[in-house]
Amino acid sequence: MRRARSLKNLWDDVPLCVRSTLGRGLGLVPLGLLLGREFQNSRAFVREAQWWPAGRAREYQLARLREMLTLAYEHTEFYRRAFDSVGFRPQDLRTLDDMTRLPTIDKSVVAENLADMCTRSVDARDVDYISTGGTSGTPLQFYIDASRSSVEYAYLTTSWERAGYRLGMPMAVLRGRMVKPDRNGLCHEYDPILRHHYYSSFHMTDDNMARYLRHVRGIGPCVLHAYPSSAHALAGHMLAAGEPAPHNIRAIILESETVYPDQRETMEKAFGVRVFSSYGHSEKCVLAAQCDHSQDYHVWPTYGYFELLDERGTPIATAGQEGEIVGTGFINTVMPFIRYRTGDHATYVGERCEACGRQHTVLRDIKGRWPQGGLIAADGSVVSMTALNVHDDTFRHVREYQFHQSSPGKATLCVVPTITLDAEEKRRIVTNMNKRLQGQVVLDLEVRTELVKTERGKQPRVIQKCDSPSESAVEARETA
Ligand SMILES: [Zn+2]
């Protein structure tokens, strides 16, 4: 991947040994200072803007949308054609509702029109090329401002503060980073600038997890920043081994995968702290983080313009209704994403959070639709994982599970057990799960020692090999 020479990219390219020597000195400097002026300004803005009344946020959105639409119309062939086709000029945007006059785009539109969607030369030093997509789902390539990282990081760190994170606090990170064993055989790497302790989510054996936890106990007050599947594996190990939670972990921050309610429950039980999750994607159109006082998500109004649309493309304004997340990002000025359909879904709650008073759009049940969203029934319908949420004792001897599906109506339930399962126990698990699926999908069982991970170290709940039912396939969502 060709990357621009932003400060963050330069730091990532410094060899580990040099980084650690340099970092020892830099580690004494407050993190906010090290991350630079743009980060500090963005952070100050984000911390204040989250408390704006809705009217002020709307004014801000309208001003930013006018800028983005003008930029897109005047500098890209794609958006000029798209706006002209519906007789729209950027100056026609008088209220936020006028946005619905513009057509939506999705991943396939971006793939077909990449060259015509850029506002300037992508060979510039301040432009990054992004390529997302793991072993499953449709990959996506696009261009973005190299300076996005400091703005993005300001939003993320401010979101994390709701969970108890403080800038400069160490983080124990289990998020798919390739970490080589150190001289003691521990898969651990330390970034003294960000104060991140990286552990390998590709080596989650009982032995290694015990070592990770032992190491985490020594890093002082910290938060665990993880893929839901990695934190869940750690929680499963702790419960099975009767290992107490490291008392210095203040919160668990989850990103990049759907968090299932049963995973959340297991983690909170094992760690005894709040599990906090946020929603975002590499395209940088919408960022939503959980409330400090409830499980609901707040959409950041200054990060991008958010819409929730039903199947006919009509905006949803009724509490309890589910729709597709559509966003117009304010961060990417190299390749504007205007009314971008993410393929992800959420349930609408309202425009104000009663628990904290923030006047933000409130959502719950955010989920990627495909392929991690569910199993495909014989009739082609999708059985959501939420429907399969297991609250009884079906998985009393199962640490982790994953569905593998290669044809509609049939799937294999792969389980990593905590004990050796006898024939009767296996039959009990399959019968319980099949009862739950009511014949839509028929399961068989396979016992494994580990489950399938993507090349980024994520562990999807469903490994889906059926043909995608639509063009707008969603791979596991990326944050940051
Ligand atoms: Zn709230």
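## Strand β6 and its partners

How many bridges join β6 to strand β7? In this predicted model, strand β7 (residues 249-254) runs parallel to β6, and five bridges join the two. One of the pairs links alanine 226 with leucine 254 of β7. Strand β3 (residues 171-174) also pairs with β6 in the parallel sense, here over four bridges; valine 173 has histidine 225 of β6 as its bridge partner.

Strand β6 itself spans residues 222-226, and five of its five residues are buried. Cys222, Leu224 and Ala226 lie on one side, Val223 and His225 on the other, and both faces are covered. Together with helix α10 (residues 228-241), β6 and β7 make a right-handed β-α-β unit.

## Nonpolar cores

The largest nonpolar core holds 89 residues. Those touching the most other members are Val223, Ala231, Ile252, Ala288, Ile338 and Leu363. Beyond its neighbours within four places in sequence, alanine 231 is in contact with Leu174, Leu224, Ala226, Ile252, Leu254 and Met267. Another core lies apart from this one; its 13 residues include Phe403, Ala411, Leu443 and Ile463.

## Helix α6

In helix α6 (residues 77-85), the buried residues are Phe78, Tyr79, Ala82 and Phe83. They line one face of the helix, because they fall within an arc of 120 degrees when seen down the axis of α6. The cover over these buried residues includes α5 (54-75) and α7 (107-113).

On the other side of α6, Glu77, Arg81, Asp84 and Ser85 are exposed. Just after the helix, glycine 87 takes a positive phi of about 65 degrees.

Technical notes: Residues are numbered from 1 along each chain as its sequence is written. This is a predicted model: local features need pLDDT of at least 70, side-chain atom pairs count only at pLDDT 80 or more; totals for chains, interfaces and linings use all residues. A nonpolar core is a set of buried Ala, Val, Leu, Ile, Met, Phe, Trp, Tyr and Cys residues joined through C-beta atoms within 7 Å. A residue is buried if 20 or more other C-beta atoms lie within 10 Å of its own, exposed if 12 or fewer, and partly exposed in between; C-beta atoms are placed from the backbone. Two residues are in contact if their C-beta atoms, placed from the backbone, lie within 7 Å. The arc is that of the directions from the helix axis to the C-beta atoms. Two strands pair if DSSP finds at least two bridges between them. A crossover is right-handed if, with the strands pointing away from the viewer, the path from the first strand over the helix to the second runs clockwise.
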